[in-house]
Amino acid sequence: MPITSRTPVALALSPRQRMLVLAICCMSLFIVGLDNTIVNVALPAIRRDLNASVSGLQWIIDAYTVVLASLLMLAGSTGDRVGRRRTFQMGLALFTLGSLMCSLAPGLGWLIAARALQAVGGSMLNPVAMSIITNTFTEPRERARAIGVWGGVVGISMALGPLVGGALVDSAGWRAIFWINIPVGVAAFFLCARFVPESRAPRPRRVDPVGQVLVIVMLAVLTYTLIEAPAAGWGSPRTLGGFAVAALALACLVPYELRRTEPLIDLRFFRSAPFAGATVIAVCGFAAFAGFLFVNTLYLQDVLGLSALQAGLYTLPMAGLTLVCSPLSGRIVGNAGTRVPLLVAGATMGASGLIMTGLAADTPTWRLMAAYVLFGVGFGMLNAPITNTAVSGMPRTQAGVAAAVASTSRQIGQSLGVAVIGSLVTSAVAGPFAAGFPAASRIGWWVIVGCGAAIVLLGILTTTGWARRSAARTAERLAQAPDRTADAP
């Protein structure tokens with residue numbers, strides 16, 4: 001019998017039903033995670049078919065990540081208010097519909113719009129699914145295992161993305177990469193209706209429409225300005241005006257959020273050095289990841305002339321090591337803290353970027369493999385310490401909001417990585433694209449080296465005694481102050 005909103009979740013669900021709930025939530029994470037890497041490998045095919053510019057390819061990625069980053073916090077609180085199962089099903093429906101529209105898009109503009117619709121649905125999946133898991137698995141040890149399975153799906157979806165995407169693009173065309181989401185989304189929708197219990201927060205957070213609009217304006221205008229700057233000119237009135245509008249939105253957002261009783265983003269958290277550092281680490285790490293995938297895909301297919309499947313096979317060591325190192329990182333964090341994984345992540349990702357700064361049309365395969373292996377190790381080490389550092393020392397009632405901000409930071413990092421690195425490389429291309437791309441890409445690889453260095457530095461700073469004391473002071477203030485975020489996702 002389906003569980004209703006009036007059924008006590010912890011008492012009504014058997015172990016088998018709880019496993020079904022976890023499986024359904026992981027299905028949503030799988031298709032959202034798969035979209036991160038599967039689309040990248042299809043970009044050259046999309047470029048040829050739709051006659052898209054490099055900036056158009058950037059928008060295919062960033063239309064998704066910008067919308068996702070903007071709406072994650074809102075989606076979590078919406079699930080608390082109107083019902084988590086209902087919100088989750090709505091997200092599945094929109095993500096599946098967006099995937100169908102992507103596969104049918106007749107032009108670049110339609111594809112970008114469909115990607116944005118995908119992101120609206122995607123924003124309702126991961127944070128709401130985590131709330132469903134938290135409310136379904138009430139025993140701490142069982143909950144920890146469930147979250148561990150949840151995290152492992154990220155690595156699996158990333159590992160399969162390049163290979164599955166390459167095979168689909170070569171056999172059925174780039175539109176096929178979106179077909180894979182449709183049966184999974186439909187199945188998850190109906191399984192959710194049958195097995196997932198409805199739940200709501202006792203006191204859901206209030207809606208913050210002004211804060212939400214300011215966040216959307218800031219991220220959208222900044223991303224637009226960065227992507228279009230190579231064509232408009234970095235010193236043009238349009239570019240400078242875009243940067244000014246984004247800065248004005250940020251300048252309005254900070255004081256407004258500080259005055260609100262229940263803000264969209266609780267800026268009190270940033271008094272904790274570990275939390276603030278984790279936010280910047282997430283932005284740097286995922287900017288490096290997104291920039292690496294974007295530039296490397298164009299190099300493998302447009303410069304070396306590899307097929308989509310061959311390009312996916314080339315990068316399989318990177319995805320595979322991410323899969324292997326992710327759980328290893330979690331164990332290290334549990335036993336020895338976050339410093340070692342962060343130092344390994346920053347050093348190996350930076351070293352990978354350094355190897356790629358010498359990229360040329362005749363770069364030997366072993367050198368590429370070395371870079372992919374190092375980056376896979378580094379990125380696999382990154383995720384667990386980001387979340388752990390973000391919530392370290394936070395009161396239990398605020399841990400969910402802290403984790404949600406860290407997730408938003410990851411998406412912002414991906415948006416900025418594609419926008420900044422893609423635009424810098426595009427601006428540096430001289431002559432024919434394939435001939436000029438390797439030399440032009442060097443500036444992008446140096447940015448990735450800088451991101452790795454920043455992760456190392458912040459990994460040291462956020463694990464010092466001073467940082468731990470700042471986290472303790474922040475937690476004490478949050479515990480003493482009125483609880484503004486207790487029911488956040």
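In this predicted model, Arg115 and Asp35 form a salt bridge, and their closest N and O atoms are 2.7 Å apart. A salt bridge here is a side-chain nitrogen of Lys or Arg within 4 Å of a carboxyl oxygen of Asp or Glu. The pair links distant parts of the chain. Arg115 sits in helix α5 (residues 108-123) and Asp35 in helix α2, 80 residues apart. Helices are DSSP runs of H or I with at least four residues, strands are runs of E with at least two, and both are numbered from the N terminus. Arg115 and Asp35 are both buried. Buried means under 20% relative accessible area, exposed means over 50%, and partly exposed lies in between (1.4 Å probe, protein chains only). Side chains of opposite charge can pair when their charged atoms come close.

The search of the whole structure finds four salt bridges. Another of them joins Asp302 and Arg47, at 2.8 Å from N to O. This pair also links distant parts of the chain: Asp302 belongs to helix α12 (residues 273-303) and Arg47 to helix α2, 255 residues apart. A further salt bridge brings together the side chains of Arg260 and Asp208, at 3.4 Å from N to O. Arg260 lies in the loop between α11 (237-259) and α12, and Asp208 in the loop between α9 (181-195) and α10 (209-232), so the pair ties together parts that are 52 residues apart in sequence. Arg260 is buried, because its relative accessible area is 18%. Asp208 is buried too, at 4%.

Helix α2 (residues 15-50) also holds Ser28. Ser28 counts as buried because its relative accessible area is 0%. Its contacts (heavy atoms within 4.5 Å) are Phe88, Leu92, Leu125, Asn126 and Ala129, leaving aside residues up to four places away in sequence.

The chain as a whole has 20 helices and zero strands. Of its 489 residues, 54% count as buried. Among contacts with a separation of 6 or more, 84% involve residues 24 or more positions apart. The chain exposes about 18,600 Å², and carbon and sulfur atoms supply 69% of this area. Accessible areas come from the Shrake-Rupley method with a 1.4 Å probe; for residues, only the protein chains shown count as cover.

Helix α15 (residues 339-356) has 18 residues. From first C-alpha to last, α15 reaches 26 Å, close to the 26 Å expected at 1.5 Å a residue. The expected span is 1.5 Å times one less than the number of residues. Buried residues in α15 include Pro341, Leu342, Ala345, Thr348, Met349, Ser352 and Met356.

On the surface, Leu97, Leu100, Met101 and Leu104 form a nonpolar patch with about 350 Å² of accessible area together. Patches take residues with over 30% relative accessible area and no salt bridge; like charges are joined within 9 Å, and nonpolar side chains (Val, Leu, Ile, Met, Phe, Trp, Tyr) within 5 Å. Leu100 is located in helix α4 (residues 84-104). Leu100 is partly exposed because its relative accessible area is 38%.

The count of disulfides (pairs of cysteine sulfur atoms within 2.5 Å) is zero. Cys252 is partly exposed, at 36% relative accessibility, whereas Cys325 is buried, at 7%.

Residues are numbered from 1 along each chain as its sequence is written, and side-chain values use heavy atoms, without hydrogens and water. As the model is predicted, local features need pLDDT of at least 70 and side-chain atom pairs count only at pLDDT 80 or more, while totals for chains, interfaces and linings use all residues.
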